[in-house]
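Subject: Structure handover and notes

Dear colleague,

I am passing on the structure that we discussed, together with my notes. Please look through the sequence and coordinates first.

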Amino acid sequence: MTPPVMPPVTSPVTPLVSLAGVSKSFAGVRVLKDVDFDVLPGEVHALLGENGAGKSTLIKVIAGVHAPDGGTITIGERELAAVTPRDAVEGGIATVYQELLLFPELSVAENVFLGHAPTRGLGRLDWTQMRRRARQLLDSLDSHDLDVDAKVGTLSVANRQRVEIAKALSQNARVLIMDEPTAALADADVRRLMDVVRRLRARGVGIVYVSHKLPEIFELADRVTVLRDGALIGTKPIAEVTEQSLVAMMVGREIDHLFPKPEPAIRETVLKVEGLACGDRFRDVSFELRRGEILGMAGLVGSGRTEVALTIFGITPATAGTIELEGRPVAITSPRHACDLGIAYVPEDRGLQGLVRPMTIAQNVSMASLRKVATGIFIRFADEALRAAASIKQLGTRARGPDQVVGQLSGGNQQKVVLGKWLETNPRILIMDEPTRGIDVGAKSEIHALMGRLAQEGMAILMISSELPEVLGMSDRVLVMHAGRLVAAIDRADANPESVGAAMAGAAAQEAA
Amino acid sequence: MAAPDLHAAPDFHPKRSLAARIVSAYGQEIVIAAAIVALFVVVSTINPRFLGTNNLNTIIAGNAYIAVAAIGMSMVIITGQIDVSVGALIGVLATISGNLAVSGAPVWIAWIAPVFIGAAISGVTGALVAYGRLPSIVVTLGMLSILKGGLVSVTGGAWINHLPPAFQLAQQRWLGLPVPIWFMVALTLLAFLWMRNTAFGRSLYAIGGNPEAARAAGIPVERRIVQTFMIHGAFAGIATMIFATQLRVIQSTVPPNLELTIITASVIGGVSILGGTGTVIGSTLAAILFAAIGSAMIFVNVSAYWLRAVIGFLILVTVLVDMARRNREFRQ
């Protein structure tokens, strides 16, 4: 894929940090492909991309956590093949991670100056100066209300974040990387944080701002860089993009015509959801899912897509609304219950909820349907192996055999084992959350072909995906979530990058409001 | 969708021989068994009396209770938990059992009571771990202090004497073999088959390997953890049945280091401390191995104080090998 040609960004200033052709692989999977990126003094440079796009890896390469496999990184005048954490500190690069790295039992001042506290000879800490300078730093962030003697553990998330920023500034940071800084903040705190960011920019600090929240990016950023699948899609001045064009860049606009989508045979409704809500994760979600249908669910990260799936599968039971299965209202309270009702969930994160890695393929495949291969309490190993072998054959899993440990398989083959496990339960409804994330192209199209076949045989499939081409290529209808609400239901004929992208960016919600 | 066609012949054949698969599945057990054989060969060449029937009895029957307790412990560790209070529990159960016997209760009640009381006490531990969402190391450390402190306070560490001769189960022989050996062999085999062949056993491995995936697959994780702790408590009770009846007196204290010996048997036997893998055959073999090492040291005139050091060395080697194996298996 060739990135769209960008107008050359001619800048009179030298960048604080610039990356040229940086690549990085983990376990043979390329997570960064030939990426160029730079940060100028006094700018907010937003970094955008869906989960798995490579944002975290990129910022970790800059911060010296990961050494890239190729490319160069220039900090000021120094050109490096890899940044060490020490280079980063000396180069004035500081990172505020999503999980704040503070010590809850130490005071604000101690946290700010941990590792470089002012001393008075013989290594004695100069408490007076430490407290005074911490005070100055916090004042410069307009945080006059923050007590430098308070234990960090007693502070709110927003205040802890300010401590983290003060800590970065205490090391004379000229580049500040902020990883989703507003993810855990309330609205008022978001405002304050944005003020702090503007102050830092005015002082000439270059800020790398990672966020999923587009409105924030339009308010703060000077430039925006979009990554997708580890590749640079483009870097643009904020004035040249719209929310919709950014979404299109994030999720991809080329529709792959190779999506093997057989003619659907859509029949009666099996699942009817009305007014479904789960705490403050999502609310007012209503839709119907029919036999033979692939219902796509699109939305940006954090829009509540996965949360809807977890609620239908009983992991986080609903707090309001109704679920009807084939016309009968049901209250699904546990995964086991959902499973007994014929609902299967292939999770977003294979490692976390999908597989037991030390176990064999056969043991994983039979896990949700052990009763089928057991007489009384005893497992019939021959049947178990036979079924696993059949599943391996049906899904085209590349493995040595049913007794191979799943931890040894590649991502795509692991995904097939998870899928095989759920197909063994003979579900009526199959929920697939990011069915092809992180797996290679070949396995991807095999899984797509399989989904088409399953739907044709009468299964009802709810597919959650961040990849717009996948959503558009596979779905008979597309539901779009935005900020915890279902904002659009679009028929296959009307679904295109513009209509779905606009709904994902919240355009529909804004029109309705 | 239709169920997969079971009659379709898979288009591959297991390439590995049965022997290769056994070695890969039971590597640790085979290593321990080989170590036991090697130890017996070497020590008996130095001192042939090592192989005498009396000595073998002392080694195996005398330590059978550790193997039995290690069966339950292995199950607990396989689910990803641990119980450091088991030594104290056995001390308490032995005291209860002895007092029952002395007070004139039927001996079978004195034998069986520890099994039920052990299951009940461990059930409470398990409930705190599963439903209270507390780390098992913390809960069982607390339990350890409660049981140990309670026992010493109530009994003052007194010896229980005048046990009725009929109570001495561990000194009886069935078909020429000491009862503890029967218990050890039968329980190990039963527990091994139970863990390998039943849905229950399978679910314990799944919970230890990945609790979230197990939950998503419909396994009632919390209930299984409580049940596992109860079974473990029952095994501690059976271990007590052997331990309390092998001497003519019972000391109302906690046997020193017993919980460590039991946990060590599980870990050296191949039960990964991270949960999800291992078998009870391994832990039983490991219990025999320690006993044999202890005895061998006496026979070759090495100070018994070295025993703990040797066992400690074995623990470190085993855990290192376990980590290396995991890294190798999961590297993609």
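Predicted model: local features only at pLDDT ≥ 70, side-chain atom pairs only at ≥ 80, totals over all residues.

Residues are numbered from 1 along each chain as its sequence is written, and chains are lettered from A and ligands numbered from 1 in the order in which they are written.

Helices and strands are DSSP runs numbered from the N terminus (H or I over at least four residues for helices, E over at least two for strands). Axes are lines fitted to C-alpha atoms, for helices over the stretch in contact, and angles run from 0 to 180 degrees between N-to-C directions.

The helix pair

Helix α4 (residues 127-140) of chain A and helix α5 (residues 157-170) of chain A have axes that come within 10 Å and cross at roughly 110 degrees. α4(A) and α5(A) are therefore roughly perpendicular to each other, a term that covers angles of 65 to 115 degrees. Ala134(A), Leu137(A) and Leu138(A) on the α4(A) side meet Arg162(A), Ala166(A), Leu169(A) and Ser170(A) of α5(A), where contact requires C-beta atoms, placed from the backbone, to lie within 7 Å. By class, the residues of this contact of α4(A) with α5(A) comprise five nonpolar, one polar and one charged.

The buried strand β8(A)

Five of the five residues of strand β8 (residues 206-210) of chain A are buried, so β8(A) is largely enclosed by the rest of the structure; buried means that 20 or more other C-beta atoms, placed from the backbone, lie within 10 Å of a residue's own. Gly206(A), Val208(A) and Val210(A) point one way from β8(A), whereas Ile207(A) and Tyr209(A) point the other way. Strands pair if DSSP finds at least two bridges between them, and β8(A) pairs in the parallel sense with strand β3 (residues 44-48) of chain A over four bridges, with Val44(A) having Ile207(A) as its bridge partner. Strand β7 (residues 175-179) of chain A also runs parallel to β8(A), joined to β8(A) by five bridges, and here Asp179(A) is partnered by Val210(A).

The four-stranded sheet

An open sheet of four strands has the order β12-β11-β14-β15 (chain A), with antiparallel pairing. Its edge strands are β12 (282-290) and β15 (328-330) of chain A, each of which pairs on one side only. Helix α9 (residues 305-312) of chain A lies across β11, β12 and β14 of chain A, at about 115 degrees to β11(A).

The six-stranded sheet

Six strands form another open sheet, in the order β16-β19-β20-β13-β21-β22 (chain A), and the pairing is mixed. At its edges stand β16 (343-346) and β22 (485-491) of chain A, each with a single partner strand, so one side of each is left without a neighbour in the sheet. The twist from one strand to the next averages 20 degrees.

Within this sheet, strand β20 (residues 460-464) of chain A is mostly covered, five of its five residues being buried. β20(A) pairs in the parallel sense with β13(A) over four bridges, and with strand β19 (residues 429-433) of chain A, likewise parallel, over five bridges. Met463(A) is the bridge partner of Gly296(A) and also that of Met432(A).

With best regards

Technical notes
Parallel < 35°, antiparallel > 145°, perpendicular 65-115°, else oblique. Contact = placed C-beta atoms within 7 Å. Nonpolar A, V, L, I, M, F, W, Y, C, P; charged D, E, K, R; others polar. Buried ≥ 20, exposed ≤ 12 C-beta atoms within 10 Å, placed from the backbone.
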